[in-house]
Amino acid sequence: MRSMLRYVLAILVCGFSFLRLEAQCPSRPDAGTVVQDALNISSKNGVLKAGLTMKRSVDDAGYTHYCYNYKTSKGDVESPTLRLNQGDQLLLDVKDRIEADDSAGMMEMPATPGKVCGDGGMMMLSSTNVHFHGLNVPPVCHQDDVLTTLLQPNDPAFQFNIQIPKNEPPGLYWYHPHVHGFTEFQVNGGAAGALIVEGMEKFHPEVAGLKERVFVIRQQYLVPWVPGPYQLTINYQVAASPSFPSPIIDMKPNEKQFWRVANATIQDFMPLQVWFNGVPQKLQLIALDGYPLAKSRFQDTILIPPAGRAEFIVQAPPQNNEAIFIALGYSTGPTGNPDLEQQLGRIQVSGAEDEAAVTKPAVDAAMPQASMKSIKFAELEKQKPTAERKLYFSEEFGGTNGPIQFYITVDGQKQKVFEANEKPAITTHVGAVEDWTIENRALETHAFHIHQIHFMLLEVDGKPVKDEDLRDTFEVPFWEGPGHPYHSFKARFDFRDPTIAGTFVFHCHILLHEDLGMMHKILVLPK
Ligand SMILES: [Cu+2]
């Protein structure tokens with residue numbers, strides 16, 4: 001009897017520890033190891049159906065993880081890369097299984113009154129939803145809506161059902177939670193993954209046949225809203241040399257690789273470089289923010305703001321070179337956060353010389369199979385704007401919403417922080433093509449982002465840009481103070497596509513700023 005009892009107890013204990021393990025996020029890679037890409041899950045016959053479970057756990061160093069857990073036959077992984085073709089359907093079942101959280105004593109916020117998508121209820125740290133950053137898809141329930149979609153712990157799975165438009169630009173997008181007030185916590189915890197719309201080689205044949213790497217750079221603070229030291233990670237491996245051994249990026253001598261890099265940090269502006277023996281190398285830039293460049297170009301520095309993406313070709317050095325991938329430091333101004341230089345990885349060259357890379361024909365000889373005219377927002381430069389607007393970022397010291405109030409304001413309106421039940425700050429209609437100037441009157445650099453569409457850059461600081469890139473996130477540097485002009489950019493916003501009708505948001509992608517209300521709504525009325 002006693003042994004029977006023991007047996008039952010043993011089963012119970014095993015059961016409990018199994019349950020406890022169930023609640024944990026997958027372990028993350030050790031420092032100083034070879035960087036691995038996330039698991040790729042690809043659409044089949046036009047459909048990608050997958051399930052993700054949002055969980056939370058705390059690691060041995062005290063960092064809180066929020067993870068998009070994905071089950072495989074070999075165990076659980078987090079944040080798989082979702083790969084789809086133009087025109088494919090994404091069926092993503094998301095469950096909220098956040099157990100304990102840090103929300104004790106934190107404010108809860110009522111969700112947008114009236115409309116509820118998902119469970120609704122109060123917005124809390126244990127609530128979640130998903131934003132498909134950059135996708136040009138409808139802002140409606142079960143698609144890319146963050147204003148009314150709210151999942152709560154232990155709800156049944158909520159299904160996102162998204163049709164990738166047939167003319168969606170091929171490139172790197174990403175998914176992350178977007179519950180107003182609590183986004184920073186979950187993204188700080190690592191809740192972010194890559195989404196790729198395939199077909200870049202049809203527009204940029206120079207990437208055809210190259211080994212592809214997807215690097216998601218994240219940033220973790222012990223307590224995200226407290227200024228202090230942070231760690232960058234590359235595919236979840238800590239990149240904090242010299243405190244930790246550098247992540248290792250494997251390449252063959254002279255090998256060309258196609259790197260697709262997402263800035264999934266909560267606030268880090270990253271000027272990226274690749275150095276050989278301390279000398280920055282030319283990188284062949286192919287796409288920004290998931291939009292192929294009209295023409296690839298060579299740069300030695302590629303700046304990506306928080307939430308931006310860059311896709312570029314890197315050629316490895318021959319043997320015996322010291323090569324690194326690095327994010328330079330970046331000044332975000334007197335009230336900004338320190339963005340420090342950090343080595344993201346050490347390029348380890350080994351194996352046989354990559355003959356194919358060396359003998360590959362000159363890129364210009366290759367002809368694109370698809371015309372840039374076939375994707376969204378093509379030839380936007382030829383459109384006549386139907387309206388012009390000016391928006392500005394600003395900050396005020398003191399107030400009820402923390403030591404600094406963060407605002408984004410449509411010029412002429414009153415400065416105010418975002419509230420869930422506010423009316424749209426901008427109302428426009430399907431068919432509109434608008435030129436907006438975004439100005440920064442704050443002593444801190446901000447990153448402008450709008451949901452549902454890309455915008456075409458026209459001017460920076462009042463001067464026409466050399467490259468009219470399509471972006472979904474763009475930096476506006478800080479104001480240097482009295483006697484200096486405000487920095488700004490001007491871009492063209494295309495609301496002609498009837499599928500994006502509805503209410504969505506534009507905001508700063510420094511996530512603390514967004515959470516504190518540096519955001520407003522835009523309503524696009526159907527025709
Ligand atoms: Cu900001």
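Which side chains meet in a salt bridge at 2.5 Å, N to O? This is taken up in point 1; the model is a predicted one.

1. The side chains are those of R389 and E434. They link distant parts of the chain, with R389 in strand 28 (residues 387-397) and E434 in strand 31 (residues 432-440), 45 residues apart. E434 has a relative accessible area of 1%, so it counts as buried, whereas R389, at 21%, is partly exposed. R389 is also among the residues that W436 touches.

2. W436 belongs with F448 and F495 to the residues that have the most contacts inside the largest nonpolar core, a set of 46 residues. Both F448 and F495 are in the contact list of W436, which also includes L391, I426 and I522.

3. A copper ion is held by H446 (ND1), C508 (SG) and H513 (ND1), at 1.9 to 2.1 Å. H446 lies in strand 32 (residues 446-450) and C508 in strand 38 (residues 502-508), 62 residues apart. Both of these residues are buried. The donor spacing in sequence reads H-x61-C-x4-H.

4. The salt bridges number 22. In one of them R297 pairs with D467, with 3.5 Å between the closest N and O atoms. R297 is in strand 23 (residues 291-299) and D467 in the loop between strand 34 (463-464) and strand 35 (470-471), so the pair ties together parts 170 residues apart in sequence. A network of salt bridges links R83, E198, E212, R260 and E311.

5. On the surface, L222, V223, W225 and V226 make up a nonpolar patch with about 360 Å² of accessible area together. V226 sits in the loop between strand 15 (211-221) and strand 16 (230-234). Its relative accessibility is 40%, so V226 counts as partly exposed.

Terms used. Residues are numbered from 1 along each chain as its sequence is written. This is a predicted model: local features need pLDDT of at least 70, side-chain atom pairs count only at pLDDT 80 or more; totals for chains, interfaces and linings use all residues. Side-chain values use heavy atoms; hydrogens and water are left out. A nonpolar core is a set of buried Ala, Val, Leu, Ile, Met, Phe, Trp, Tyr and Cys residues joined through side-chain atoms within 4.5 Å. Buried means under 20% relative accessible area, exposed over 50%, partly exposed in between (1.4 Å probe, protein chains only). Contact means heavy atoms within 4.5 Å. Donors are N, O and S atoms within 2.8 Å of the metal (3.2 Å for Na, K and Ca); water is not among the atoms, so sites may look incomplete. Helices (H or I, at least four residues) and strands (E, at least two) are DSSP runs, numbered from the N terminus. Patches are made of residues with over 30% relative accessible area and no salt bridge: like charges are joined within 9 Å, nonpolar side chains (Val, Leu, Ile, Met, Phe, Trp, Tyr) within 5 Å. Accessible areas come from the Shrake-Rupley method with a 1.4 Å probe; for residues, only the protein chains shown count as cover. A salt bridge is a side-chain nitrogen of Lys or Arg within 4 Å of a carboxyl oxygen of Asp or Glu. Lists of a residue's contacts leave out its neighbours within four places in sequence.
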